[in-house]
Amino acid sequence: MAQPDDDIALRVQALEQALVAKGLVDPAALAAFVDAYENRIGPKNGARVVARAWTDPAYKARLLENGAAAIGELGYGGLQGENLVVVENTADTHNLIVCTLCSCYPWPVLGLPPVWYKSPAYRARAVKEPRAVLKEFGLDLPAEMQVRVWDSSAEIRYMVLPRRPAETQHLDERELAAMVTRDGMIGTATI
Ligand code: FE
């Protein structure tokens, strides 16, 4: 059965082809736009949220209590971010997010999902064998580390709050934000 997201993807693709064929849209400009949301603008919002949480304990408490509201304090919100839950990595628990049904993702903080996040293989395996998946991402977690997998939905989107790396006391919020990656906030990396 086709998922709603597949249907949307097909419609968008048809629309894009029609616009390009009529010379109304430059495919290179479109690719740059998508790249911006997927790799630059999006994850940078999340990285600012993480850095604020690392440096401001009161903010971190609010973030874990009500993710959408605390993220809204920094000016981020909107589509696919209305009910955003932030899950914290700790010394004994590592979190991983997935959408087993389609590709639900916290757009306001992470931008567009990477292609692998939408792949059937990731969606199925992240739940069944998260440790094996994480290993393929280069993340070999100790056996005693608990792995929690969060299945996103149209109602709830998740974001991981990575652990602040050691020896970073001298860094300010902006420098800390620069260390945070998109994968760290999905949980396929530690930071
Ligand atoms: Fe989804």
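Buried means under 20% relative accessible area, exposed means over 50%, and partly exposed lies in between (1.4 Å probe, protein chains only). The model is predicted: local features need pLDDT of at least 70, side-chain atom pairs count only at pLDDT 80 or more, and totals for chains, interfaces and linings use all residues. Residues are numbered from 1 along each chain as its sequence is written, and side-chain values use heavy atoms, without hydrogens and water.

**Exercise 1.** Decide whether C104 is buried or exposed.

*Solution.* Take its relative accessible area: 8%. Compare with the cut-off of under 20%. So C104 is buried. C99 is also buried, at 0%.

**Exercise 2.** Find the protein donors of the iron ion.

*Solution.* Look for donors (N, O and S atoms within 2.8 Å of the metal, or 3.2 Å for Na, K and Ca; water is not among the atoms, so sites may look incomplete). C99 and C102 each give SG. S103 gives N. C104 gives both N and SG. These donors lie 2.3 to 2.7 Å from the iron ion. Now read their spacing in sequence: C-x2-C-S-C.

**Exercise 3.** Count the disulfides in the whole structure.

*Solution.* Search for pairs of cysteine sulfur atoms within 2.5 Å, the definition of a disulfide. The search finds zero.

**Exercise 4.** Work out where the largest pocket lies relative to domain 1 (4-38) and domain 2 (43-186).

*Solution.* Domain bounds come from an automatic or database domain assignment. Check which domains give residues to the lining: both do. Therefore the largest pocket lies between domain 1 and domain 2.
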